[in-house]
Amino acid sequence: MHMKTLRTSAIVAAMAFGVLLAPRISQAQTNAPTGNVQVAVTDLTNRVWDLDRVINGVGFSVTNKNDATVDVDYALNLIQTGSGSLKTAGDTNETTVHLTINGTNAPDFTGKFHASGSITSNKGKGHGTFTSTVTGLALIVKPRHVTATESIVFSFDNIANTTTLTKRDSASASGLGSIRGDPQVTIGTLTTEFPGDGSWTLALVGLTTSGKNITGTAATVTLSTGQVFNFKVKGLFKTTDSTSRLLLASSDTASRGSSLTVTMAGNTVMGIKGRITGQSVNVSF
């Protein structure tokens, strides 16, 4: 009789303990991230810019001290990578070059261009470069080898919404010498000089939690211009405070160099920190 009473008491105690523990487990599971989550970032400090949507060609006029003037114009295609570098898009770097010398049009010629550049920022302030050189054989009375170069150095302030660009242009033709213009400085606003408004959207797709481990089908960052950077997702769920920490690493070549750390409480994004296409972000919600 005494043994039966002890056994009954133990069973009752175990059941009571299970009842008390079950809601805690259920609550912790409820606070784990799941499904799809999307959040937009619009604050000024964490703007992210997309230069390849504004640099789609080169056109400049350069005049020397003797009032000789050369105008150069050609199209180019660039992509801005996950690391913030600019490089030629596609498989060809050939372009049609329009050349004017002292107001007289020379016949268009096919040139090859080499373009490069970069953009970086931290705490809302950044800088970058862009250089493009085109070379080809132009008919200027007779065939001549022509080289033309444009170089731009720029800085920007997200909060002040300002940009400062310094341009340097030069051109040369075999047998005719070279011409180099004076630096040209332009001060403007970011939303005028750069495409879009700098806002961006983070989307987390197919989040699942198994124990402490979090995985996701995919993650994307979409800039205001429509450019998309792709990420793979993994992370950890902390049962002690029901928060999550996700690590987003680039999942394709174009996105390489971008990475983010995302903190969450349940399906609510609390913070995003890292780099997107060369530009530092540190967002708190």
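A residue is called buried when its relative accessible area is under 20%, exposed when that area is over 50%, and partly exposed in between, using a 1.4 Å probe and protein chains only. What you see above is a predicted model, so local features need pLDDT of at least 70 and side-chain atom pairs count only at pLDDT 80 or more, while totals for chains, interfaces and linings use all residues. Residues are numbered from 1 along each chain as its sequence is written, and side-chain values use heavy atoms, leaving out hydrogens and water.

Let's begin with Asp52, which is buried because its relative accessible area is 11%. Asp52 forms a salt bridge with Arg53, with the closest N and O atoms 3.2 Å apart. A salt bridge here is a side-chain nitrogen of Lys or Arg within 4 Å of a carboxyl oxygen of Asp or Glu. Arg53 has 41% relative accessibility, so Arg53 counts as partly exposed.

By this rule the count comes to four salt bridges. Another one joins Glu150 and Lys167, again with the closest N and O atoms 3.2 Å apart. Glu150 lies in strand S9 and Lys167 in strand S10, so this pair ties together parts that are 17 residues apart in sequence. Strands are DSSP runs (E, at least two residues), numbered from the N terminus. Glu150 counts as buried because its relative accessibility is 4%, whereas Lys167, at 21%, counts as partly exposed.

Asp241 and Lys238 also meet through their side chains, at 3.7 Å from N to O. Asp241 is partly exposed at 40% relative accessibility, and Lys238 is partly exposed with a relative accessible area of 45%. Salt bridges that share partners also join Asp50, Asp52 and Arg53 into one network.

Now find Arg144 in strand S9, which covers residues 142-157. What does a buried Arg144 have around it, if it has no salt bridge? The nearest side chain of opposite charge, Asp108, is 16 Å away; for charge, Lys and Arg count as positive and Asp and Glu as negative, with His and the chain ends not counted. The side chain of Arg144 does reach the backbone oxygen of Ser174, at 3.1 Å. Beyond its neighbours within four places in sequence, Arg144 is in contact (heavy atoms within 4.5 Å) with residues including Gly136, Leu137 and Ser174.

Next comes Arg47, in the loop between strand S1 (35-41) and S2. Arg47 counts as buried because its relative accessibility is 10%. Arg47 and Asp197 are 150 residues apart in sequence, and their C-alpha atoms are 7.7 Å apart in space. Leaving aside neighbours within four places in sequence, the residues in contact with Arg47 include Asn158, Leu190, Asp197 and Gln279.

Thr162 and Leu190 are 28 residues apart in sequence and 5.3 Å apart in space, C-alpha to C-alpha. With its neighbours within four places in sequence left aside, Thr162 is in contact with Leu190, and also with Ser155, Phe156, Asp157, Gly188 and Thr189. Thr162 is partly exposed because its relative accessible area is 33%.

Terms used
Helix = DSSP H or I, 4+ residues; strand = E, 2+ residues; numbered from the N terminus. Polar contact = N/O pair within 3.5 Å; in protein donor to acceptor, adjacent residues only side chain to side chain.
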